[in-house]
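Please look over the sequence and the three-dimensional view below before reading on. This briefing then goes through the structure topic by topic.

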Amino acid sequence: MLRIAVPNKGALSEASAHMLREAGYHLRSNTKTLVHRDGENDVEFFYLRPRDIAVYVGSGILDLGITGSDLLAESAADAHQIMELGFGASRFHYAALPGTFNSVHDLEGKRIATSFPTLVKRHLKKNAVKAETVKLDGAVEVSIELGVADAIADVVETGSTLRQAGLETFGEPIMHSQGVLIARDGVKDEDLPERARILLRRLKSVSVARTYVMMDYDIRVKDLERATELTPGLESPTVSTLQDPEWCAVRSMVQADNVHAVMDKLYDVGARAILVTNIGACRI
């Protein structure tokens with residue numbers, strides 16, 4: 001049975017559960033459940049703190065895990081990323097009172113409060129900056145007001161928490177992060193057990209389904225070439241004849257974030273009855 005670590009709470013937990021359900025897996029119905037077995041898919045899910053997941057996977061106790069790439073990097077565990085999952089996007093950033101600092105080099109000799117000391121020390125060393133790192137388990141935003149630190153380094157999603165604390169980011173992001181699927185170091189895709197390869201294939205199909213939509217439209221045969229240049233699909237579009245020999249129907253996958261611009265251009269070249277539908281699942 002495949003053993004997978006998933007986040008037990010927070011934004012990563014909700015997003016990973018949603019993606020796994022879209023991929024056809026059965027997850028816990030009670031948030032207090034720590035271990036859930038999906039007998040139909042021969043998978044066992046272990047609900048753990050996101051910070052601990054890389055450690056369990058890196059030690060070989062669990063086969064795979066879903067966590068944040070920032071948490072993976074901070075853990076220094078013997079685990080590596082095998083797939084980006086496209087959710088939980090965030091930045092890891094320095095922040096301080098407005099106008100205090102402009103770049104990481106201004107932190108020379110200062111105190112930096114963070115829940116990610118490994119990442120911060122690595123970044124400071126890379127930039128040849130000597131500063132004191134103050135490790136806190138959470139709520140680092142208040143550390144400046146309490147005189148514990150001169151600046152902080154923390155995960156930033158919308159920035160609302162920082163603004164409420166009267167802080168602002170400065171300098172370049174330390175790193176960008178998102179939800180990732182991880183495996184133990186030394187394990188390549190081809191080394192994964194069959195159940196793991198099925199999981200990977202399903203998650204990739206969900207990712208593609210979220211990225212693309214299916215577009216259908218009618219177009220005059222004489223304008224077909226110009227229209228299909230706008231909707232080339234993955235290999236090529238599907239073209240079907242209609243009762244009127246001067247017209248044909250086209251079906252093609254189009255990137256979701258560009259769909260309205262494509263519809264506008266198709267209309268301009270003569271396409272009509274342009275329809276867009278979401279893709280529930282697919283295999284590429």
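Predicted model: local features only at pLDDT ≥ 70, side-chain atom pairs only at ≥ 80, totals over all residues.

Residues are numbered from 1 along each chain as its sequence is written, and side-chain values use heavy atoms, with hydrogens and water left out. The protein is divided into domain 1 (2-87 + 177-209), domain 2 (90-176) and domain 3 (212-278), with bounds that come from an automatic or database domain assignment.

**Domains and annotations**

- The centres of domain 1 and domain 3, taken over C-alpha atoms, are separated by 37 Å.
- In an unreviewed entry, UniProt gives residues 49-204 the annotation "domain: ATP phosphoribosyltransferase catalytic"; UniProt positions are given in the numbering used here, feature names are shortened, and annotations may be inferred rather than shown by experiment.
- Residues 49-204 are 27% helix and 31% strand, with end C-alpha atoms 24 Å apart; here helices (H or I, at least four residues) and strands (E, at least two) are DSSP runs, numbered from the N terminus.
- The UniProt feature "domain: Histidine biosynthesis HisG C-terminal", also from an unreviewed entry, is placed at residues 209-279.
- That span, residues 209-279, is 28% helix and 41% strand, and its end C-alpha atoms lie 5 Å apart.

- Strand 1 (residues 2-7) and strand 4 (residues 64-68) run parallel and are joined by 2 bridges, and I4 stands opposite L64 in strand 4.

- Strand 6 (residues 90-96) pairs with strand 9 (residues 151-156) in the antiparallel sense over 5 bridges, and F92 stands opposite V155 in strand 9.

**The hairpin**

- Strand 13 and strand 14 form a hairpin with 5 residues between them.
- Strand 13 (residues 238-241) and strand 14 (residues 247-255) pair in the antiparallel sense over 4 bridges, and the bridge partner of V239 in strand 14 is V250.

**Nonpolar cores**

- The largest nonpolar core has 57 residues, among which L64, Y94 and L181 touch the most other members; such a core is a set of buried Ala, Val, Leu, Ile, Met, Phe, Trp, Tyr and Cys residues joined through side-chain atoms within 4.5 Å.
- Helix 6 (residues 194-211) gives the most to this core, with 6 residues, and the core draws at least three residues from each of domain 1 (2-87 + 177-209) and domain 2 (90-176).
- A second, separate core of 15 residues includes C248, V250, V259 and A271.

**Accessibility and backbone angles**

- S160 lies in helix 5 (residues 160-164) and counts as partly exposed at 28% relative accessibility, where buried means under 20% relative accessible area, exposed over 50%, and partly exposed in between (1.4 Å probe, protein chains only).
- S160 and M253 are 93 residues apart in sequence and, C-alpha to C-alpha, 36 Å apart in space.
- D42, found in the loop between strand 2 and strand 3 (43-48), has a positive phi of about 60 degrees although it is not a glycine, and is partly exposed with a relative accessible area of 27%.
- A128, in the loop between helix 4 (117-126) and strand 8, is a residue other than glycine with a positive phi near 55 degrees, and counts as exposed at 66% relative accessibility.

Terms used. Pairing = 2+ DSSP bridges.
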